[in-house]
Amino acid sequence: MINRYHQRGLGMFGWMFVIGFVGMCFKIGFALFPVYMNQWKLDKAVTKVALSAPATAAPSDIRRLLQPSWDIDDIEAVSPADIKVKKTATGRALGYSYEHRVPVIANVSLVVDFTKDIPMSAGGGSMGQVP
């Protein structure tokens, strides 16, 4: 015997689960978007200075060249003082490493780690200007 009245599709609890899951994905996405935007601005600023500053520039001069990007782009989570000048096998590099915590619900947080080393160009440019 075939039951003519069987359920098709999701019931009320199924829809509640799907809507809750989609809502949580949106909440996490909206929470992480500003963190990644900040990372993109930071990467752009450090790359610009790494390619334009002379390879022999002092760390204080490099940080001075970074400061306008922090002021204009409103970079948060790190400061120009957190950008390290590292010696590598091929020369020097500008690097940073930091983690950002994003609260989700109550005592649950997401932790995002960012680490990058950007090699400095050998030629560099003028110390007084950042392109």
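Let me start with the kink in helix H1, which is about 25° and lies at Leu-32, shortly before the proline Pro-34; the bend at a residue is taken as the angle between axes fitted to the seven residues ending there and the seven starting there, and helices (H or I, at least four residues) and strands (E, at least two) are DSSP runs, numbered from the N terminus. Please keep in mind that this is a predicted model, in which local features need pLDDT of at least 70 and side-chain atom pairs count only at pLDDT 80 or more, while totals for chains, interfaces and linings use all residues. Residues are numbered from 1 along each chain as its sequence is written, and side-chain values use heavy atoms, with hydrogens and water left out.

Leu-32 is itself among the buried residues of H1, as are Leu-42 and Val-46, where buried means under 20% relative accessible area, exposed over 50%, and partly exposed in between, with a 1.4 Å probe and protein chains only. The cover over these buried residues includes H2, S2 and S3, counting contact as heavy atoms within 4.5 Å.

Staying on H1, Phe-26 and Phe-30 lie 4 residues apart, about one turn of the helix. Phe-26 counts as exposed because its relative accessibility is 52%, and Phe-30, at 62%, is exposed as well.
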